[in-house]
Amino acid sequence: MADSPLDPAELQRAGLRLDVDGAVATISLARPERRNALTFSTWHTLARIGETLPDTVRVVVVRGDGPSFSAGIDLRLFSPEGVPGEDTSAPRDEAFIAGLQAGYLWLRRPDIVSIAAVQGHAIGGGFQLALACDLRVVADDVKFAMKEPALGIVPDLTGTKPLVDIVGVPRALELCLTTRTVFAEEAARLGLAELVVPAAELDSAVADLVAAILQVRPETAAATKRLIRQAPHNTLEEQAAAERREQVPLLGGPAAAPAAS
Ligand code: ACO
């Protein structure tokens, strides 16, 4: 297994571990004693992982150590004491939030497929991290909850868009405003999980999924992801044109001309 391209001290401060093994990068939330609560450093370092990811990587697995995927934001960040080592002096403006969102947005890049392996609680920012990934494989003890409104804030870590895309507007509104917990059976029914497995089988189920994805040629996987991601926003005719554009280079024909700006 190759070393991480990032400074180990930065990863440790962020509560993260990164293992890169050829085409697969595994990001572990590694503060199980705090149920993998997330800090500003976590989000900033996640963004740095995205920026420095070796271009050999085709699949990114995001997982959590211990009984819970993530209990969301470290609630001490809302207290005057804060979290040791965390700079809490930055103004909480839109630029600040954009810096946190960057930690999640890259997981949608077409050149990678991101998979969240979720066990136990995935709350608030933890739920949004799972939503930031392309696919979710969950243990049968999973507990998703969007708790932000209970704290007087909105979910702002890029989670509202995928949540609505997956469950629709009324259900997303209900989940956010009740802040209730979604258990495994409902998660599967709503499409929040592609696969539900016994907790002991989570790692092997993810490994099987990774192996299956890696069977597809990299350029085909990237083209497929671009194509599928844009489908909800396209008319049938636009999507048919997109299929043609993606297919011709794969058939050895000329690459599509860049769209006029
Ligand atoms: N921030 C800081 N510390 C946390 C957090 C958190 N979000 N979640 C858990 N911890 C700490 C606990 O304080 C506890 O520390 P201690 O051992 O020093 O007392 C330790 O992690 C273990 O937590 P327990 O509550 O004992 O673990 P349990 O497995 O029983 O419960 C659960 C887990 C349900 C996740 C519970 O800890 C919890 O409700 N946490 C808060 C969740 C939350 O409201 N997050 C904010 C969401 S909003 C957002 O993310 C923007």
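1. A backbone N or O atom of Leu75 sits 2.9 Å from a nitrogen atom of the ligand. That is a polar contact (a pair of N or O atoms within 3.5 Å). Ile73 also uses a backbone N or O atom, placed 2.8 Å from an oxygen atom of the ligand. Arg35 brings in a polar side-chain atom, 2.9 Å from an oxygen atom of the ligand. On its own the ligand has 930 Å² of accessible area, and the protein covers 61% of it. These areas come from the Shrake-Rupley method with a 1.4 Å probe.

2. This is a predicted model: local features need pLDDT of at least 70 and side-chain atom pairs 80 or more, while totals for chains, interfaces and linings use all residues. Residues are numbered from 1 along each chain as its sequence is written, and side-chain values use heavy atoms, with hydrogens and water left out.

3. Asp, Glu, Lys and Arg count as charged, and Gly is among the polar ones.

4. The largest pocket holds about 720 Å³ of space. A pocket is an open set of points on a 1 Å grid over the protein atoms alone, where a 1.4 Å probe fits, with protein on both sides within 12 Å along at least five of seven lines; lining residues have an atom within 4 Å of a point. The volume is the space filled by probe spheres set on the points. Of the 25 lining residues, Arg108, Asp134, Lys225, Ile228 and Arg229 lie nearest the centre.

5. Which helix gives the largest share of that lining? It is α9, with five residues. Helices are DSSP runs of H or I, at least four residues, and strands are runs of E, at least two. At least two lining residues each come from α3 (94-105), α4 (125-132), β6 (135-139), α5 (160-167) and α9 (218-230). By class, the lining has 13 nonpolar, four polar and eight charged residues.

6. The second largest pocket has a volume of about 530 Å³. It is lined by 25 residues, and Trp43, Ile73, Phe78, Leu151 and Ile153 are the closest to its centre. Helix α3 gives the most to this lining, three residues. The classes here are 15 nonpolar, three polar and seven charged.

7. There are three aromatic pairs (ring centres within 6.5 Å; planes under 30 degrees apart are stacked, over 60 edge-to-face, the rest tilted). Phe40 and Phe96 have ring centres 5.0 Å apart and planes at 85 degrees, so they pair edge-to-face. Phe40 is in α2 and Phe96 in α3, so the pair ties together parts 56 residues apart in sequence.

How values were computed: Polar contact = N/O pair within 3.5 Å; in protein donor to acceptor, adjacent residues only side chain to side chain. Phe/Tyr/Trp six-rings, centres within 6.5 Å; stacked < 30°, edge-to-face > 60°.
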